Amino acid sequence: MKNIYSNIYSFNSKSLKKTIKSLKQGNLVGLPTETVYGLAGNAYSGKAVKKIFKLKRRPKINPLIVHYNNFKDANKDVILNKNFYKLYKKFCPGPLTFILKKNTKSKIHSIVTANLNTVAIRFPSNRVVKTVLKFLNFPLAMPSANISSGISPVSANDVFEDFKKKLKIIINGGKSKIGIESTVIDLTGKPKILRPGIISSSEIKPFLKLSLAKKNFKIKSPGMMKKHYSPGIPIIFVGKPSKPSHAYLVFGKKFKKNPNNFNLSKKADLKEAAANLYKILRKIKKRGFKKIFVAKIPNRGSGLAINDRLLRASK
Ligand code: TXA
Ligand code: MG
């Protein structure tokens with residue numbers, strides 16, 4: 001991808017140096033991860049994390065995920081338990097976020113965790129963010145790099161669309177491989193998935209017992225229930241498009257090619273569909289459609305994560 005904007009940089013030793021310097025000074029940087037692009041700042045610095053909430057217009061009650069290079073670094077701030085190590089061994093680095101108890105020596109700023117005594121931690125596998133983390137002596141608080149409640153970014157240009165030049169550095173790491181946010185699992189008590197993702201409950205079950213999220217369970221992720229991932233146009237799950245201004249979000253080979261049909265995966269591959277979801281929602285919005293109808297997407301594996309995002313986006 002060509003870098004058309006002056007604050008979008010290719011990843012090389014020069015832009016790495018610039019990124020490290022900027023983060024050390026308490027500034028924010030847009031970084032690629034394997035899931036979606038993140039808005040990164042020093043998780044130990046009040047000055048830095050205040051900037052994240054302000055720039056994203058994120059409600060103060062919605063805590064951030066803290067990103068580390070490895071479990072030894074995370075051990076300084078949180079209490080790592082048996083269940084954590086089981087999943088870490090199997091899935092990390094990768095698209096899995098753990099909710100754990102903060103330890104007493106933790107340097108994570110209280111704004112990051114919205115004053116909770118728990119912390120969300122993740123170990124990204126993307127080469128760019130992993131390299132940046134290696135050069136820092138602090139972890140990175142990093143929400144998705146979009147204005148709160150909008151669509152998460154899967155390219156450097158997506159990040160630019162939301163923040164323009166308010167962000168001095170955006171590192172271009174190409175299209176996000178996974179394309180939707182990490183699976184969030186609460187390990188502070190009985191393990192429970194708070195946000196579905198590419199790593200599905202069926203992949204986690206062989207390693208630990210999952211407690212099912214009951215319908216009216218107390219929301220553990222503040223801000224999780226509100227409108228989210230929204231393209232800003234109505235999303236409708238029943239019926240089909242009837243006007244040229246209606247887009248049809250479809251899945252599988254039975255759907256014909258036409259200007260209103262947007263196929264998440266022609267070969268009916270749920271992982272591919274997840275990777276295409278945000279890119280396609282942005283495209284539909286840009287083309288000026290007024291409504292989005294959604295054809296049925298199988299509610300299993302990554303399909304659970306896709307349906308979760310679409311449902312929240314429709315709120
Ligand atoms: O894939 C991802 O996770 C991306 C990349 C950039 O790493 N990040 C991301 O962050 O999606 P964000 O801020 O968009 O979503 C973080 C989610 C929110 O739903 C938040 O409520 C939840 O994690 N969360 C954070 N800390 C928590 C805590 N202590 N307890 C429960 N939920 C928490
Ligand atoms: Mg987000």
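**A helix across a sheet**

Guide: Helix α8 (residues 270-286) lies across β12, β13 and β14 and runs at about 170° to β12. This is a predicted model, in which local features need pLDDT of at least 70 and side-chain atom pairs count only at pLDDT 80 or more, while totals for chains, interfaces and linings use all residues. Residues are numbered from 1 along each chain as its sequence is written, chains are lettered from A and ligands numbered from 1 in the order in which they are written, and side-chain values use heavy atoms, with hydrogens and water left out.

Visitor: How are the helices and strands, and that angle, defined?
Guide: Helices (H or I, at least four residues) and strands (E, at least two) are DSSP runs, numbered from the N terminus. Axes are lines fitted to C-alpha atoms, for helices over the stretch in contact (heavy atoms within 4.5 Å). Angles run from 0 to 180 degrees between N-to-C directions.

Visitor: What is the order of the strands in the open sheet?
Guide: First the general idea: strands of a sheet pair through backbone hydrogen bonds, either parallel or antiparallel. Here two strands pair if DSSP finds at least two bridges between them. The open sheet has four strands in the order β11-β14-β12-β13, with parallel pairing. β11 and β13 (261-263) stand at the edges, each with a single partner strand, so one side of each is left without a neighbour in the sheet.

Visitor: Which residues stand opposite each other in these pairs?
Guide: Two bridges join β11 (residues 235-236) to β14 (residues 291-294), where Ile236 stands opposite Phe293. Four bridges join β12 (residues 246-250) to β14, with Ala247 opposite Ile292. Three bridges link β12 and β13, and there Leu249 stands opposite Phe262.

Visitor: Which residues of helix α5 are buried?
Guide: Buried means under 20% relative accessible area, exposed over 50%, and partly exposed in between (1.4 Å probe, protein chains only). In α5 (residues 127-134), Val128, Val129, Val132 and Leu133 are buried. Seen down the axis of α5, they fall within an arc of 130° (taken from the directions from the helix axis to the C-beta atoms), so they line one face of the helix. The face turned away from that buried side carries the exposed residues Arg127 and Lys134. Among the elements covering the buried residues are α1 (13-24) and β2 (29-31). At the N-terminal end, Asn126 caps α5, with a side-chain oxygen 2.8 Å from the backbone nitrogen of Val128.

Visitor: Where does Ser152 lie, and is Ser152 buried or exposed?
Guide: Ser152 lies in the loop between β7 and α6 (156-163) and is buried, with a relative accessible area of 1%. Its side chain makes a polar contact with the side chain of Glu181 (2.5 Å). A polar contact is a pair of N or O atoms within 3.5 Å; within protein, one must be able to donate a hydrogen and the other to accept it, and residues adjacent in sequence count only if both atoms are side-chain atoms.

Visitor: Which residues does a cis peptide bond join, and which residue has a positive phi of about 50°?
Guide: Most residues other than glycine have a negative phi, and most peptide bonds are trans. In this model, a cis peptide bond joins Cys92 and Pro93, with omega about 0°. Ala114 has a positive phi of about 50° although it is not a glycine, and Ala114 is partly exposed, at 22% relative accessible area.
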